[in-house]
Amino acid sequence: MELNDILDEIKANLTGDPLKDGPYLKQQADKYKDEPFSRELQEKMAEILVQITEKDYKTTLYTFLDKKNKEIDHQLESVRKRFKNLNFNGGNKILEEIIRNNIFAWNDTDKYTYKCFGTPLEYILFKNLFEDEQREIKPVNCDLAKVYRLFCIGLSQKKRYADARNAIERAVELNPVDPEVYKTFIELTKIQRDLPTLKHCAEMLLKCAVNKEQVGYAYFAYSFYYSEMKEYRNALAMLQMSNLFRESDLYETELEYIGRNLGYSGEPPLFDKNQLMVIMNNENIQPGPPAAVAGIANHVAKEFEDQGELKYAKYFYDIVYELTESEKIAEHIEELEKKIK
């Protein structure tokens, strides 16, 4: 059958009730998953479901999917336990089931883009970094990006690197401002020796990092990139930057390796602050934690504080302090803690 014929048949069997039509559309997606037009069909079915629920989208579509997604946090905990016990096959099976239950519903269309932001900060940061995005943002009602990120880890452990790449790219699509997604992506690019993508992921991680560890991780990834490119002076500068924000067991080993390649018998002399800044500017690399994240976190914190949501406010002020070490913010957090108690 042709795509249009299949769509006509599907539309003819719809009831207008998302609780009935949702499972039916999923069944049809599974039925035609091996066809060359399966991706396009899934996009069309996503449009159909949105049309059905247009008047009250957030409640009706959620009602359908909540039955499957309300247990996802519990399932992810089971996945982590299995991964910890090196049972990657068992963990991957759980993740595959979650993905099957969600695969048709969250495909972008010309009108909508589906995202699973974990916090208001991520939503605002997305709007800030991807200001060219014109489509209406529709929220996914579970952290599906985390599902795909864990799936990438599980698949990588089974050396299914092509499938792992598909999984992590899907995670980026669903939440392109999740720093943990980029950390996982970086590790995969190291295995695949995909240096251009590794560098892009390091850049994105620096833009959306919410703590010092993530900032240091990004610079460490940059150092790996420059070492692989045999640009050892830049590699040393990035390694030095990473050590300002994050301790790593690999720091001394990397320092000696870079030093040898620069012609030193031991550890190479480190750059001073001005030299680091010159290298950062020349390579167009962000010098330090992301100012945008700190600014947005401060804005969100103030909004929650104005609304009387002091625990949420403190959560975002903690991010601001983590990235800025502002004494003024530290004092304000102490004041909030007294009110919360």
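Analyst: Start with E1 and E2. Lys115 stands opposite Pro139 in E2. The chain crosses from E1 through helix H7 (residues 120-129) to E2, and this β-α-β crossover is right-handed. A note on the basis: the model is predicted, local features need pLDDT of at least 70, side-chain atom pairs count only at pLDDT 80 or more, and totals for chains, interfaces and linings use all residues. Residues are numbered from 1 along each chain as its sequence is written, and side-chain values use heavy atoms, with hydrogens and water left out.

User: What makes a crossover right-handed?

Analyst: The view is taken with the strands pointing away from the viewer; the path from the first strand over the helix to the second must run clockwise. The path from E1 through H7 to E2 is classed as right-handed.

User: How do you know that E1 and E2 pair?

Analyst: Pairing takes at least two bridges found by DSSP. Four bridges join E1 to E2 (residues 136-139), and the strands run parallel.

User: What is the label for Leu86 and for Lys230?

Analyst: Leu86 has 64% relative accessibility, so Leu86 counts as exposed. Lys230 has 60%, so Lys230 counts as exposed too. Leu86 is in the loop between helix H5 (72-84) and helix H6 (88-102). Lys230 is in the loop between H12 and H13. Leu86 has a positive phi of about 65 degrees although it is not a glycine. Lys230 likewise has a positive phi of about 65 degrees and is not a glycine.

User: Why is the ring pair of Tyr232 and Tyr257 given its class?

Analyst: Rings of Phe, Tyr and Trp (its six-membered ring) pair if their centres lie within 6.5 Å; planes under 30 degrees apart count as stacked, over 60 as edge-to-face and the rest as tilted. The structure holds 11 aromatic pairs. For Phe83 and Phe88 the centres are 5.2 Å apart and the planes at 45 degrees, so this pair is tilted. For Tyr232 and Tyr257 the centres are 6.3 Å apart and the planes at 75 degrees, so that pair is edge-to-face. Tyr232 lies in helix H13 (residues 232-245) and Tyr257 in helix H14 (residues 251-261), so the pair ties together parts 25 residues apart in sequence.

User: What makes a nonpolar core, and which residues touch the most other members of the largest one?

Analyst: A core is a set of buried Ala, Val, Leu, Ile, Met, Phe, Trp, Tyr and Cys residues joined through side-chain atoms within 4.5 Å. The largest has 90 residues; Leu144, Tyr219 and Met238 touch the most other members. Helix H12 (residues 212-228) gives the largest share of this core, 10 residues. A second, separate core of 12 residues includes Ile6, Phe37, Leu41 and Ile48.

Notes: Helix = DSSP H or I, 4+ residues; strand = E, 2+ residues; numbered from the N terminus. Buried < 20%, exposed > 50% of the residue type's maximum accessible area, 1.4 Å probe, protein only.
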